[in-house]
Amino acid sequence: MKTLDNCRDLIDSIDEKIIELYEERMNIVKEVINYKLKNNISVQDKNRENLMLEKNLKKIKNEEYKKYYKYILDGFLNASKDLQGDIKYNKE
């Protein structure tokens with residue numbers, strides 16, 4: 001059985017990986033907004049959001065975790081839209 005400290009160390013290690021991937025994701029979001037601005041495309045794409053949520057939630061094997069992962073996906077979407085909005089309004 002793992003100790004509390006062992007579990008926390010593992011969580012810290014996972015969080016480091018998540019942060020690295022999050023920064024990589026946001027770098028790509030910047031590319032997305034630059035494309036959208038050049039091509040006069042709206043920041044928000046509800047259809048894309050729904051497809052992304054549906055696709056990613058299907059990948060969660062443990063049904064108990066799905067609703068909690070949706071919180072994370074919603075957070076990613078909100079952060080992405082906020083970043084895109086900030087970039088859009090700073091360029092105007």
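Cys7 is partly exposed in the predicted model, with a relative accessible area of 32%. This residue belongs to helix α1. Between the C-alpha atoms of Cys7 and Tyr65 the distance is 18 Å, and 58 residues separate the two in sequence. The model is a prediction, and the mean pLDDT of the chain is 94. A score of at least 70 is reached by 99% of the residues. Among the elements of the chain, the highest mean pLDDT, 97, belongs to helix α1 (residues 4-38), and the lowest, 93, to helix α3 (residues 63-91).

Helix α1 consists of 35 residues. From its first C-alpha to its last, α1 reaches 50 Å, close to the 51 Å expected at 1.5 Å a residue. The buried residues of α1 are Met26, Val29, Ile33 and Lys36, and α3 is included in what covers them. Just after α1, a positive phi of about 50 degrees is found at Asn40.

The largest nonpolar core is made up of Met26, Val29, Ile33, Val43, Leu83 and Ile87, 6 residues in total. At least two residues of this core are supplied by each of α1 and α3, and the largest share, 3 residues, comes from α1. Another core, of 5 residues, lies apart from the largest one and includes Met52, Leu53, Leu57 and Leu77.

Gln84 is located in helix α3. With a relative accessibility of 6%, Gln84 counts as buried, because the limit for a buried residue is under 20%. Not counting residues up to four places away in sequence, Gln84 touches Val29, Val32, Ile33, Lys36 and Val43. Of these contacts, Val29, Ile33 and Val43 are also members of the largest nonpolar core, while Lys36 is one of the buried residues of α1.

Helix α2 spans residues 46-58 and has 13 residues. The distance from its first C-alpha to its last is 18 Å, close to the 18 Å expected at 1.5 Å a residue. Glu49, Met52, Leu53, Asn56 and Leu57 are the buried residues of α2. In a view down the axis of α2, these buried residues fall within an arc of 115 degrees, so they line one face of the helix. An α-helix has 3.6 residues a turn, so residues three or four places apart point the same way. The buried residues of α2 pack against α1 and α3. On the face turned away from the buried side, α2 carries the exposed residues Asn47 and Lys58.

The structure contains 5 salt bridges. Side chains of opposite charge can pair when their charged atoms come close. One of the salt bridges joins the side chains of Lys46 and Glu49, with an N to O distance of 3.5 Å. Lys46 and Glu49 are 3 residues apart in helix α2, so about one helical turn separates them.

Glu54 is partly exposed, with a relative accessible area of 45%, and Lys58 counts as exposed at 61% relative accessibility. Through salt bridges that share partners, Lys46, Glu49 and Lys81 are joined into one network.

Terms used:
Residues are numbered from 1 along each chain as its sequence is written. This is a predicted model: local features need pLDDT of at least 70, side-chain atom pairs count only at pLDDT 80 or more; totals for chains, interfaces and linings use all residues. Side-chain values use heavy atoms; hydrogens and water are left out. pLDDT is the predictor's confidence in each residue, from 0 to 100. Helices (H or I, at least four residues) and strands (E, at least two) are DSSP runs, numbered from the N terminus. Buried means under 20% relative accessible area, exposed over 50%, partly exposed in between (1.4 Å probe, protein chains only). The expected span of a helix is 1.5 Å times one less than its number of residues. The arc is that of the directions from the helix axis to the C-beta atoms. Contact means heavy atoms within 4.5 Å. A nonpolar core is a set of buried Ala, Val, Leu, Ile, Met, Phe, Trp, Tyr and Cys residues joined through side-chain atoms within 4.5 Å. A salt bridge is a side-chain nitrogen of Lys or Arg within 4 Å of a carboxyl oxygen of Asp or Glu.
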